[in-house]
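Let's take a friendly tour of this protein model. We'll look at its sheet, its cores and its aromatic rings.

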Amino acid sequence: MKINKIDFGSIDDQKISLYELHNDRGVIVKITEYGATITAISTPDREGKVKEITCGFENLNGYLSEEYKANPPYFGGTIGRCASRIHKGKFTINGREYQLAANDRGNHLHGGMKGFDQKIWELQAYNESEHEVSIILGLSSPDMEEGYPGRVDVKISFTLNNFNELIIRYEAKTDKATPISLTNHSYFNLSGFKESIHNHKVMIHSEAFLQRDEKGVPQGKRMYLDGRPEDFREEKLFKEALDVMDAGLDHYYVFNNDFQLKKVASFEHSVTGRIMEVSTTEPGMLLYSGYFTSNFLKRENGDQYGKHRAFCCETHRYPNGPNLQDTPKSITYPKEGYKSTTVFKFYTK
């Protein structure tokens, strides 16, 4: 187990570092201070060949390029203050209406014009032990940043252990009631980008997703999965859904909202033998199949990104939660604070 620190580039003469977390089984997770971003996850296949299985770049320039910024896919970034969309960028707390940036077709998306994925985070601690390695990154968001009330102090720990688990723990404190919904926006392709995601086997432990309006914003109605192509309660291939859907998957699957860590999904690529399991404390997961990802983006090693070339598992609070009735913990209060854990476990069969 070890952590390597390397130079990742600079912004306005401020140097940005990359931290490589290695376990003893060939798994490597790379995280940069820019956006608390996972730039790469490498895992072995069933023959022991290690390959990168997430979208990202080898240096900071990839995230600052005009091609990337023209239609930002948020590769591996930490999303906040609120993940996903808020209807018209508005919500009301204690009788006061707040207006956020409407940066997505009149709605608020992923924290606004400059969300947490574009901030420079501070390394607060790191740990190397016999069984795990971890780093903790921190960020402060001032009152009314992007229109959100309250000062929010966030810290995230990324831990890689010898069980091939990447454990992401989020904590936040606020001095005013405010929406907080944090997630990581990594895109996965368990084939190592040798092919699209169509032949991945998928299982999701959910009986319903949130119906969206014409601009992709949930308004509160649940769609139950019986008889629908989005139903993955029984394992099936991505292609069985994608082949009959116009724009693929961009669906928030609802789980039991007891906020206890539980397995919610699994993904398998049979040719390489790679399997990824997702566990979370969150009440739902937005599964995105990458329909709008630019086909011009690729890693420096040639890994090709683009439409249906990778999928996201965004575990977070309900999209548009501050405007929906009975959504669990969509508002964080000073006395409560915010906590969340998601675990990605990698293995082969």
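This is a predicted model: local features need pLDDT of at least 70, side-chain atom pairs count only at pLDDT 80 or more; totals for chains, interfaces and linings use all residues.

As a general point, strands of a sheet pair through backbone hydrogen bonds.

Let's zoom in on one pair. Strand E23 (residues 262-269) and strand E24 (residues 274-280) run antiparallel and share seven bridges.

## The cores

The largest nonpolar core has 55 residues, and Phe-238, Phe-267, Met-276 and Leu-287 have the most contacts inside it. Strand E13 (residues 152-161) gives the most to this core: five residues. A second, separate core has 23 residues, including Ile-16 and Tyr-252.

What does Leu-287 touch? Its contacts include Ile-204, Phe-238, Phe-267 and Cys-312.

## The rings

There are 23 aromatic pairs here. Take Phe-57 and Phe-75: their ring centres are 5.9 Å apart and their planes sit at 40°, so the pair is tilted. These two link distant parts of the chain, 18 residues apart. Phe-57 is buried, with a relative accessible area of 5%, and Phe-75 is buried too, at 1%.

Phe-75 also forms an edge-to-face pair with Tyr-68, at 5.7 Å centre to centre and 65° between the planes.

Definitions and conventions: Residues are numbered from 1 along each chain as its sequence is written. Side-chain values use heavy atoms; hydrogens and water are left out. Two strands pair if DSSP finds at least two bridges between them. Helices (H or I, at least four residues) and strands (E, at least two) are DSSP runs, numbered from the N terminus. A nonpolar core is a set of buried Ala, Val, Leu, Ile, Met, Phe, Trp, Tyr and Cys residues joined through side-chain atoms within 4.5 Å. Buried means under 20% relative accessible area, exposed over 50%, partly exposed in between (1.4 Å probe, protein chains only). Contact means heavy atoms within 4.5 Å. Rings of Phe, Tyr and Trp (its six-membered ring) pair if their centres lie within 6.5 Å; planes under 30 degrees apart count as stacked, over 60 as edge-to-face and the rest as tilted. Lists of a residue's contacts leave out its neighbours within four places in sequence.
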